[in-house]
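Trainee: I'd like to go through the labels on this one. Can you walk me through what stands behind them?

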Amino acid sequence: MEMRELRYFVAVAEELHFGRAAERLGIAQPALSRALAGLEKRLGVVLLERSSRRVRLTDAGAVLLTEARTILAAAEAAERRTREAAERRPRIALAVKAGTAGELLAKVLDAYAAHPGACAVDLLLCEAHEQRELLCSGRADVALLHLPFDAVTGLDTEALLTEGQVAVLPGDHPLARRTTVSQAEVTAAPGPPPARWPAPDGSCPEGPGVAVRNLTQLFQLIALGRATVVLPASAAVDLRRDLVAVPVTDAPPVTTVLAWLPESRSRPVADLVRVAATV
């Protein structure tokens, strides 16, 4: 498969319309159709089911879409790193779930900036479980992950912080004045059920609570009385004034780790990991 064919396929798979995909790519629609037909012929599979009314991904097409996105992202990362090496301007791309580990992250970045030979660090703020995808695709060199919520199988890690969890509640919630609560009390309390976070594969578990993907969205819903949540204490450090955080005594501890690919040979990444371990 050629990179050009993968770009063509991703455009059609995302648009599900050959005309819009051709316009997005800046090529003629017949050329796009011929290229994808040739790709299907060489692979010996049908990637796209076409009719006069719609285009639909097959199961094989859905698999190739995931793989193609990873390959294209890795190619972009390789170009970036190659240019940086030629210009002698190494940079580190660090993937972080937006709104988490703020105080720890600030301390790590400050300590690393003071390290002799430190290079620039680009923060990639993302939503739940996207850090691993960015890392594995090559778009990130290192990522902050949170155990037990994020999967770290196949990655090298350095544990940075272990902490308890808190229930984030509206200020007028029946449990808001408590000094501690249990998970059962949070679940059984009057009002909205706990929010549902996406699983590592992007799907959201079944349940009565609202589905959320980031902390900004979540805190807005809690303030409106539409949700509650139990999350790491560090994520609730800078809560808005109409919310409260109550420690949950029986919630499992959460460990924040710095993760990177085992095959990484980046000296800046190794330096960042060593500095972070001392913070």
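Predicted model: local features only at pLDDT ≥ 70, side-chain atom pairs only at ≥ 80, totals over all residues.

Trainee: What makes Arg20 and Glu15 a salt bridge?

Mentor: The closest N and O atoms of Arg20 and Glu15 are 3.6 Å apart, and the limit is 4 Å, so the pair qualifies. A search of the whole structure finds 15 salt bridges.

Trainee: Why is Arg20 called partly exposed?

Mentor: Buried means under 20% relative accessible area, exposed over 50%, and partly exposed in between (1.4 Å probe, protein chains only). Arg20 has 41%, so it is partly exposed. Glu15, at 24%, counts as partly exposed too.

Trainee: How do you know that Arg139 and Glu133 form a salt bridge?

Mentor: By the N to O distance again: the closest atoms of Arg139 and Glu133 are 3.4 Å apart. Arg139 is partly exposed because its relative accessible area is 32%, and Glu133 gets that label at 46%.

Trainee: Asp271 and Arg267 meet in a salt bridge as well. Why are they said to be separated by about one helical turn?

Mentor: Because they are 4 residues apart in helix α9. Helices here are DSSP runs (H or I, at least four residues) and strands are E runs of at least two, numbered from the N terminus. The bridge between Asp271 and Arg267 is 3.3 Å, N to O.

Trainee: Are Asp271 and Arg267 buried or exposed?

Mentor: Asp271 is at 9% relative accessibility, so it counts as buried. Arg267 is at 58%, so it is exposed.

Trainee: Ala277 is in helix α9 (residues 267–278). Which residues does Ala277 touch?

Mentor: Glu158 and Leu160, not counting residues up to four places away in sequence. A contact means heavy atoms within 4.5 Å. Ala277 has 41% relative accessibility, so it counts as partly exposed.

Trainee: And why does His173 count as buried?

Mentor: Because its relative accessibility is 10%. His173 lies in the loop between β7 (165–170) and α7 (183–188), and it touches Ala189, Pro190 and Thr228, leaving aside residues up to four places away in sequence.

Trainee: What makes Met1, Leu43 and Val45 a nonpolar patch?

Mentor: Patches take residues with over 30% relative accessible area and no salt bridge; nonpolar side chains (Val, Leu, Ile, Met, Phe, Trp, Tyr) are joined within 5 Å, like charges within 9 Å. Met1 counts as exposed because it reaches 56%, and Met1 is found in the segment before α1 (3–15). Together the three residues have about 260 Å² of accessible area, by the Shrake-Rupley method with a 1.4 Å probe, where for residues only the protein chains shown count as cover.

Trainee: And how many helices and strands does the protein have?

Mentor: The secondary structure comes to 9 helices and 10 strands. Of the 279 residues, 39% are buried.

Conventions. Residues numbered from 1 in each chain as written. Heavy atoms only, no water. Salt bridge = Lys/Arg side-chain N within 4 Å of Asp/Glu carboxyl O.
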